[in-house]
Amino acid sequence: MTILIKNISHLVTMDDTGSEYRDGWILVDGRSIRALGDGEPPPPEKGEARTQIDACGAMALPGMINTHHHLYQTFQRAVPRVQDAKLFDWLVGLYEIWRELTPDDVRISAQVGLGELLLTGCTTIADHFYVFPKGQSPHLLDETIDAARQLGVRFHPSRGSMSRGRSQGGLPPDDVVQSPDVILSDSQRVVERYHDADRFSMCRLALAPCSPFSVTDDLLAESAKLARSLGVRLHTHLAETRDEETFCLQTHGCRPLAYMEKVGWLGSDVWYAHGVYLNDAELSLMASTGTGIAHCPTSNLRLGSGMAPIPRAMDLGVPVGLALDADPSTDASDMIRELQTCTLVHRVGTGVESMPARRALWIATRGGARVLGRDDVGMLAPDMAADIVLFSLDDIGLAGAMHDPLAALAFTTGIRRARWVMVNGQVVVDEGRLVHLDEKELLVQANRASGAMVARATARTGLDFLSPTRSGADGKRAEGST
């Protein structure tokens, strides 16, 4: 069966020539796009069963690609205790809650994050799962994969890990880290069970030790060897804060990227989250090796980490994709807001011309596809995956913005959720609602589970996570507070 999406008011392809059509159409055949254009669509072939979607008053574009996320963290949005903390303090505070994760928490939180991403136009999601509390199921990552299958998203889960607990000078509690043998064994298990390298694959795995300050040298090196033997990609956090830079200089005697180079972590199969503190020489090295960046602008602002030199990175040829990072550092799994933040923030300091709306959307589509090593997503064209998002253009917030509807997506608040979303030729959002989940019931389950996690953490630690960290009369955090 084929699906004809017709009467598209504005069709944005993101192809190499930047083709955009008014009064466009897309013909979907199975998992892929057969044809697209403007004017009259082709008639059905003899005996062809064709379903039609009338997209009058809507804009179509490729499904956006989120290159770094932590779905298990969606329950920790706006936690008062860490609202005004920098990264290391933020992590230390939240680890106490994440120690309470159960399989149900992981599954429901993944459903929440994936659902919101779909509703905001994101169809391919790379997720980084790295907390495995002792005493819980060792197969927590599997819960996120099951959630992705249920919602119908294209998923790139990464088997994260932490092997350097507090007793070894790391940040995480010892009871959420694992031994290298356990990590490498389970990494091989999930790759062999779930990874699909075929074109139009709905699930591709990566190996992702958490960060230079939470894993050992040997684990990074052995993870790289294992990933390359299994044909999967490598991912980690890097150069997010000055604290990390100081840690690497003191512990390893070099800056973060030089350290990663020592343990074999450069190449077109590697991408890093953040990259805020990378200099020109480091960016040039990444460009020459094809090493990518998952750009997390909202998270970097929220935690006061800084702003990655993304326009410079792109000018040098570094692969760059857009990413949301953790819900406690963005307080949303909202791809539209991330696109808008990316569009706006680089205009300060770098220059207003450094990030046009179409460049930001390129990062969110074509850039993300390159970072994840995909040649089948990120643009609308024949023989590309039928990952298509349609946004209605009938909101009062778009009044006066029809001169350029695509730019309106990056600048206005008139587009808040997708009307239709198709992934791999299947409709997963219909008339603004998730097809495979009841949002209202999910909200009830999520709030109940979220509250229970905090209650368990409070009972164990005696910490009040629902009260802001002690501050002075001017609202500033008191010196020495966590």
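**Note on the predicted model: cores, overall form and selected residues**

1. The largest nonpolar core holds 132 residues, and Trp-90, Trp-98 and Leu-114 have the most contacts inside it. A nonpolar core here is a set of buried Ala, Val, Leu, Ile, Met, Phe, Trp, Tyr and Cys residues joined through side-chain atoms within 4.5 Å. Buried means under 20% relative accessible area, exposed means over 50%, and partly exposed lies in between (1.4 Å probe, protein chains only). A second, separate core has 18 residues, among them Leu-11, Leu-36, Ala-55 and Ile-388.

2. On provenance: this is a predicted model, in which local features need pLDDT of at least 70 and side-chain atom pairs count only at pLDDT 80 or more, while totals for chains, interfaces and linings use all residues. Residues are numbered from 1 along each chain as its sequence is written, and side-chain values use heavy atoms, with hydrogens and water left out.

3. Overall form. Along the principal axes, the C-alpha atoms fill a box of roughly 70 × 45 × 45 Å. Of the 482 residues, 61% count as buried.

4. Secondary structure and contacts. The protein chain has 15 helices and 19 strands, these being DSSP runs numbered from the N terminus (helices H or I, at least four residues; strands E, at least two). Among contacts (heavy atoms within 4.5 Å) with a separation of 6 or more, 73% join residues 24 or more positions apart.

5. Surface and charge. The protein chain exposes about 17,900 Å², with 51% of it supplied by carbon and sulfur atoms; areas come from the Shrake-Rupley method with a 1.4 Å probe, and for residues only the protein chains shown count as cover. The mean positions of the 47 positive and 61 negative charges are 1 Å apart. Lys and Arg count as positive and Asp and Glu as negative, with His and the chain ends not counted; each charge is placed at NZ of Lys, CZ of Arg, CG of Asp or CD of Glu.

6. Trp-98. Beyond its neighbours within four places in sequence, Trp-98 is in contact with Tyr-72, Gln-73, Gln-76, Trp-90, Leu-91, Tyr-130, Val-131, Pro-133, Pro-328 and Met-453.

7. Val-106. This residue belongs to helix α2 (residues 103-119) and counts as buried because its relative accessibility is 0%. Outside four places in sequence, Val-106 is in contact with Leu-101, Phe-129, Leu-140, Glu-143 and Thr-144. Its C-alpha atom is 8.5 Å from that of Gln-73, 33 residues apart along the chain.

8. Ser-305. The loop between α9 (297-302) and α10 (310-316) contains Ser-305, which is buried at 5% relative accessible area. Leaving out neighbours within four places in sequence, Ser-305 is in contact with Glu-240, Thr-241, Val-276, Tyr-277 and Asn-300.

9. Glu-431 sits in the loop between β18 (426-430) and β19 (433-434) and is partly exposed at 46% relative accessibility.
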